[in-house]
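The following paragraphs lead the reader through one structure, from a single pair of residues to the whole chain and back to local detail. Please keep the sequence and the model in view while reading.

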Amino acid sequence: MVIDTVLSQLDLRGNISTRLKQLMAYADDILISVRTKGALIEALHQLKSSSIEVGLRINEEKTKYLKCSKKDTNKEDLNCSNLNLSIEQVHHYKYLGSTINDNNSIEEEIKERIALGTKAYYASLKFFKSKLVTKNSKLKLYRLVIRPIVTYASETWVLKDSSIQKLLVFERKILRKIFGPTRENQLWRIKTNDELDKLIKHYNIINYIKAQRLSWFGHVQRMPASSTVKKIFKWTPLTTRSKGRPKQRWEDIIIQDIRQMNIKNWTACVQDRATWKNIVEKAKTFKGGS
């Protein structure tokens, strides 16, 4: 309540298009997004002044700043002599469990998620090796414990082909441990990718991510126009996209998934929760999703 009172005193007038400063706060994790260095210093000055009044202070060691720019990539710490603050510049940081970087790429995030999933897998390896545990139980353990670690916040991901392959390789490694090899002509061989996909009825990690995206897309579409998420989703930046082949946007990949599944009149379907829920369930086992 004290922090909420402090943050409410920051000057955040205007809308998302005209406002120089944006504020996102969850408990004591505070993120200030600004367009200029001057706006950042001003926001820090207001935050520090309001905090001192209630006996709080900004922790310099935990406070970092990241600059997103295609032109200026030089590292330069932010020194605010009038505020007696020195804040380290970083190229990436973690906010609410997700890695944010200065080139707006999720490749490092996916790499870290796979590493955490691998760590969780080896922590449970004795269960995957045990002959007392059924294959269905092992598969359920993977889907309920390990996969959610890897796919945390995947509702917002736009996957490249390279990332898709990395995620599939990670999953297939575990599936081969669960289902074991195949005996053929008196010889043992590892199961092929197609065989694994049939065993899990096409419910692979990529289809799961696509279903998560579609589910979140449905929530966003049904949100009232006054909600912050809906405003950001509908917002059009006052600039042009970079030259050359542009990156796929989140909405682009959603529309691509909808077309791939041949969903007719999706604008009406998305407003009906039951209908859209069925579409999401269909996406989980949609053949050709990977």
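Which residue stands opposite Leu85 in S5? It is Cys80. The model is a predicted one, in which local features need pLDDT of at least 70 and side-chain atom pairs count only at pLDDT 80 or more, while totals for chains, interfaces and linings use all residues. Residues are numbered from 1 along each chain as its sequence is written, and side-chain values use heavy atoms, with hydrogens and water left out.

Strands here are DSSP runs of type E with at least two residues, helices are DSSP runs of type H or I with at least four, and both are numbered from the N terminus. Two strands pair if DSSP finds at least two bridges between them. An open sheet of 3 strands has the order S3-S5-S4, and its pairing is mixed. S3 and S4 stand at the edges with a single partner strand each, so one side of each lacks a neighbour in the sheet. Strand S3 (residues 64-65) runs parallel to S5 and is joined to it by 2 bridges; here Lys64 stands opposite Glu88. Strand S4 (residues 78-80) runs antiparallel to S5, with 3 bridges between them, and Leu78 stands opposite Ile87. Strand S5 itself (residues 85-89) has two faces: Leu85, Ile87 and Gln89 make up the covered one, whereas Ser86 and Glu88 make up the uncovered one.

The chain as a whole may now be considered. It holds 12 helices and 9 strands, and its C-alpha atoms fill a box of roughly 80 × 45 × 40 Å along the principal axes. Of its 290 residues, 34% count as buried; buried means under 20% relative accessible area, exposed means over 50%, and partly exposed lies in between (1.4 Å probe, protein chains only). Contact means heavy atoms within 4.5 Å. Among the contacts with a separation of 6 or more, 61% are between residues 24 or more positions apart. The chain exposes about 18900 Å², of which carbon and sulfur atoms supply 53%; the areas come from the Shrake-Rupley method with a 1.4 Å probe, and for residues only the protein chains shown count as cover.

Strand S1 (residues 21-26) and strand S2 (residues 29-34) run antiparallel and are joined by 6 bridges. In this pairing, the bridge partner of Lys21 is Val34 in S2. The two strands form a hairpin with 2 residues between them, and Ala27 in the turn has a positive phi of about 55°. Ala39 is in helix H2 (residues 37-53) and is buried, with a relative accessible area of 5%. Its C-alpha atom is separated by 6.6 Å from that of Leu20, 19 residues away along the chain.

An α-helix has 3.6 residues a turn, so residues three or four places apart point the same way. H6 is followed by Gly180, whose phi is positive, near 75°.

Gln186 is not a glycine, yet has a positive phi of about 65°. Gln186 lies in the loop between strand S8 (182-184) and strand S9 (187-189), and is exposed, with a relative accessible area of 62%. His202, likewise not a glycine, has a positive phi of about 70°. His202 lies in the loop between H7 and H8, but is buried, with a relative accessible area of 19%.
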